[in-house]
Amino acid sequence: MPRHPVEPFRVKVVEPIRIPTPEERERVLREAKFNLFKIPSDKVFIDYLTDSGTGALSQEQWAAMMEADESYAGPRSWYRLKEAIEEFTGYVDPIPVHQGRAAEKILAALYLYEGAKVVSNTLFDTTRGNFKAVGAEIYDIPTPESQSLESEFPFKGNVDLNRLEDLLRGGDVNLVVMVMTNNTGGGQPVDLDNLKEAYSLTRRYGVPLIIDACRISENAYLVKKRNPKYSNWSVKDIVLESFRHSDGAFMSGKKDGLSNMGGFLVLRDPQKRLKAKELLILWEGFVHYGGLSGRDMESLAVGLLQSTDEDYLRYRTGQVAYLTERIREVGWDVMWPPGGHAAYVEVRGALPHIPRENFPAHALAVELYRRGAIRTVEVGSLMFKDAARFEFVRFAVPRRTYSQSHLDYTVEVLEETYRQRDRLRGFRITYEPPYLRHFLAELEPV
Ligand code: F0G
């Protein structure tokens with residue numbers, strides 16, 4: 001196999017992008033109060049803000065969308081999606097939602113309450129927000145290897161099984177969530193064996209284990225590549241085997257569903273499913289669409305099954321690995337080994353003159369926009385306050401969207417920035433909302 005992450009597709013539709021002038025970029029930054037979420041995407045050249053809903057659709061998805069049935073009850077498109085989710089997960093009777101966080105809100109209502117305990121390998125920020133909104137306490141216990149940027153440990157997304165057992169033994173854990181891959185911890189995969197052991201522990205103590213499955217196909221591919229026990233398994237079977245070791249799962253279809261919108265919730269317990277459907281009708285829509293148009297459901301039905309294609313996954317994870325390796329070569333510290341969906345640059349080593357309270361990773365993110373009209377996202381103290389374990393800039397790669405020369409351009413901008421890194425300045429917050437402050441915060445340079 002060539003090392004080059006060559007695209008297993010060719011381009012059929014073209015969307016122009018342009019680099020705004022330096023003056024435009026400066027003006028846009030000021031108008032956005034230095035919050036990159038507030039920049040119009042027309043003013044961005046390469047957008048690594050997120051891999052969520054931003055990928056290109058396949059010809060099969062577009063064709064299916066033309067056949068969508070937009071009926072309220074019993075649409076053909078729902079039955080197609082239902083069948084695809086059942087084939088993908090092995091669960092029956094799935095519940096559609098418009099995106100992952102809608103499922104999180106339902107899960108919080110089903111399992112949690114004031115003072116309830118949730119244990120996870122590291123919850124994503126919306127999940128954390130939804131669970132905290134009902135008063136739950138969150139315990140993130142990633143494997144100790146996840147603290148090291150450099151070590152070659154292949155599964156830094158794992159949960160710490162010793163601490164998990166200690167917490168379960170305490171007797172008051174309500175829910176365990178395994179996030180696969182572990183986005184907040186650097187897009188790192190969870191080993192299937194780690195999930196299996198976690199599941200056997202939760203069963204022993206009678207606590208439900210739910211998978212956050214939004215990048216489960218990428219996770220499964222990395223399991224196949226990094227755990228020799230599974231090297232002869234198909235990715236599809238590794239995905240199924242993962243779901244078999246859970247009591248339920250939710251998935252944002254905007255990631256490995258290869259779709260612009262959509263998601264689902266699956267639950268083993270029929271009583272919980274019934275309750276979830278009642279809440280769904282209240283919050284999202286009828287059980288045959290859950291906030292989705294028929295077109296969205298068609299796209300997700302096709303995308304879910306395409307996401308386990310191994311040629312695609314070789315290219316996909318190859319692109320992320322290529323970007324991560326090249327960034328490391330030009331001097332920046334990165335989370336290593338490369339994960340499934342994004343390159344993560346840890347800035348503390350390179351920007352020691354910017355203290356954490358002035359958001360060093362955000363300083364780099366702003367500089368990359370200023371220099372190259374590249375949009376990334378800070379995953380550090382701005383996003384997580386004191387709970388931040390790293391000061392990351394995340395380069396989330398949209399699926400099937402950018403070419404290798406887009407990645408090379410990105411590395412060139414990073415190389416220039418590295419040489420002049422002493423000039424970067426930190427930021428202070430001038431406005432922040434109570435939840436998920438990074439989305440709406442306003443900042444100014446210090
Ligand atoms: N869980 C994980 C691990 C996620 O990465 C996300 C979203 C969600 C849940 C929520 O799904 O957006 O469909 O409601 N992550 C995006 C990101 C937004 O940029 O990483 P959603």
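**Spaces and ligand site**

Reply: By class, the lining of the second largest cavity has two nonpolar, four polar and four charged residues. Here Ala, Val, Leu, Ile, Met, Phe, Trp, Tyr, Cys and Pro count as nonpolar, Asp, Glu, Lys and Arg as charged, and the others, Gly among them, as polar. The model is predicted, so that local features need pLDDT of at least 70 and side-chain atom pairs pLDDT 80 or more, while totals for chains, interfaces and linings use all residues. Residues are numbered from 1 along each chain as its sequence is written, and side-chain values use heavy atoms, with hydrogens and water left out.

Me: What makes the second largest cavity a cavity, and which residues line it?

Reply: On a 1 Å grid over the protein atoms alone, a cavity is a set of points where a 1.4 Å probe fits but cannot get out, and lining residues have an atom within 4 Å of a point. By that rule the second largest cavity is lined by Asp 51, Gly 53, Thr 54, Gly 55, Ala 56, Lys 254, Lys 255, Leu 258, Ser 259 and Arg 399. About 50 Å³ of space lies in this cavity, where a volume is the space filled by probe spheres set on the points, which are joined across faces, edges and corners.

Me: Why is the largest pocket called a pocket, and how much space lies in it?

Reply: A pocket is an open set with protein on both sides within 12 Å along at least five of seven lines, and therefore the name marks an open space. The largest pocket holds about 1,700 Å³, and among its 40 lining residues the closest to its centre are Val 13, Ala 56, Leu 57, Arg 400 and Thr 401. Its lining divides into 16 nonpolar, 12 polar and 12 charged residues.

Me: How do you know which residues surround the ligand, and which are the closest?

Reply: A residue is near a molecule if one of its heavy atoms lies within 4 Å of it; 17 residues surround the ligand, the closest being Thr 50, Arg 101, Asp 212, Ser 252 and Lys 255. This shell comprises three nonpolar, seven polar and seven charged residues.
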